[in-house]
Amino acid sequence: MRSFHFVVVLALAVAISSPLAVAQLKQNYYASICPNLENIVRGSVQRSMQQSPIAAPATLRLFFHDCAVRGCDASVMIINPNGDDEWRNPDDQTLKPEGFTTVIAAKAAVDSDPQCRNRVSCADILALATRDSVFLSGGPDYAVELGRFDGRVSTRNSVNLPHGNFNLDQLTGYFGSLGLSPTDMVALSGGHTIGAASCSFFGYRLGGDPTMDPNFAAMLRGSCGSSGFAFLDAATPLRFDNAFYQNLRAGRGLLGSDQTLYSDPRSRGLVDRYAANQGAFFNDFVAAMTKLGRVGVKSPATGGEIRRDCRFPN
Ligand code: HEM
């Protein structure tokens, strides 16, 4: 009995201290507060995507960078007048403006409904806009857990993100620190099925990396000489599909951190599975995005608020 109590107390302690410990998120959180929320956000994201092909990948990356730093609290969107904020860290400076403007446009659309005005957090709008960016790019549709509050703090030094030259141990260690498993990490890396990277992130691989297809390297040298960037999934750069994993099998992963998922035998089986079975990738991606969306969620009791302007604490 004593040991049973110990196990229960230990389990509670882990649950309370875990970054995934959030009781308040639920799928129908805004059902009575803002019943038309999901339609409003989807319509707005659709318009943003019509205006710019970069809107969807930029929004998906913004969600990751938000959740990974101080939790999913839209702190990445805060502009501090003194210049000390997350997006002015070099790792966030490459976030494309289109992600921010997609969320700001969706927030304006939500606030134009009198019932919803200033009652939906920027963090939740970002989570919904991300799901819609994935779905409208051809990826899975999925129910998003809601009820996040917006953070009030954003500092340059709090940014700690994975880098494109990370090896598997560094990647699993990083995602583990967020409470995410190695499978979550491999599935989330599939986010690189849309969007692009500057040559500064992979140029070091073009001088004879044995894990890169030499024809692909030659093509990239051409892109880097002209445009200075390349698509993360050269096969279908704006379509959310499993081509990213098929590319890895062919030595056509752009970032070192992506190609290592296939080079390292410990994750190769999962890459093979997702390359062969898009449904398996979509299922695991949705599960991992749901877990990512629970990281460090704020409530009013922990200093959260519903920001009126996503760029500034109230
Ligand atoms: C596994 C560790 C990861 C590393 C090392 C990494 C690194 C990078 C790098 C270097 C870029 C190029 C940035 C630029 O040139 O501006 C990029 C772009 C991108 N990342 Fe990641 N990333 C990781 C995980 C993720 C995750 C988990 C997601 C979302 C689920 C994601 C979504 C994206 C998207 C969509 C882009 C393209 C952005 C655009 O075109 O604007 N990344 N990532």
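Helices (H or I, at least four residues) and strands (E, at least two) are DSSP runs, numbered from the N terminus.

Before moving on, a word on what is on your screen. This is a predicted model, in which local features need pLDDT of at least 70 and side-chain atom pairs count only at pLDDT 80 or more, while totals for chains, interfaces and linings use all residues. Residues are numbered from 1 along each chain as its sequence is written, and side-chain values use heavy atoms, with hydrogens and water left out.

**Around α3**

Because 13 of its 14 residues are buried, α3 is largely enclosed by the rest of the structure. Buried here means under 20% relative accessible area, exposed means over 50%, and partly exposed is in between (1.4 Å probe, protein chains only). Then step to R70, which follows α3 and has a positive phi, near 65°.

Next, pick C67 and C72, which form a disulfide with sulfur atoms 2.1 Å apart. A disulfide is a pair of cysteine sulfur atoms within 2.5 Å. This link is right-handed, with 120° about the S-S bond. Are these two cysteines buried or exposed? C67 is buried at 0% relative accessibility, and C72 is buried at 0% as well.

**The other disulfides**

How many disulfides does the rule give? The count comes to four. Counting bonded cysteines along the chain, their pattern is 1-4, 2-3, 5-8, 6-7.

Select C34 and C116, joined S to S at 2.1 Å. The link of C34 and C116 is right-handed, with 85° about the S-S bond. This pair links distant parts of the chain, 82 residues apart: C34 is in the loop between α1 (2-17) and α2 (37-51), and C116 is in the loop between α5 (97-111) and α6 (122-136). C34 is buried, with a relative accessible area of 1%, and C116 is buried too, at 0%.

Now go to C199 and C224, another disulfide, with 2.1 Å from S to S. Its torsion about the S-S bond is about -95°, so this disulfide is left-handed. C199 lies in the loop between β1 and α9 (214-226) and C224 in helix α9, so the pair ties together parts 25 residues apart in sequence. C199 is buried at 13%, whereas C224 is partly exposed at 22%.

**The nonpolar cores**

Show L37, V110 and Y245, which touch the most other members of the 71-residue largest nonpolar core. Such a core is a set of buried Ala, Val, Leu, Ile, Met, Phe, Trp, Tyr and Cys residues joined through side-chain atoms within 4.5 Å. Domain 1 (24-162 + 295-302) and domain 2 (180-291) both give residues to this core, so it lies between them. The domain bounds come from an automatic or database domain assignment. Apart from this core lies another, of 12 residues, including F202, L206, M212 and L254.

Zoom in on Y245: its contacts (heavy atoms within 4.5 Å) include V186, A187, V271, Y274 and F281, not counting residues up to four places away in sequence.

**Last stop: the iron**

Which residue is the only protein donor of the iron atom of the ligand? Select H192, whose NE2 atom is at 2.1 Å. Donors are N, O and S atoms within 2.8 Å of the metal (3.2 Å for Na, K and Ca); water is not among the atoms, so sites may look incomplete. You will find H192 in the loop between α8 (182-189) and β1 (196-198).
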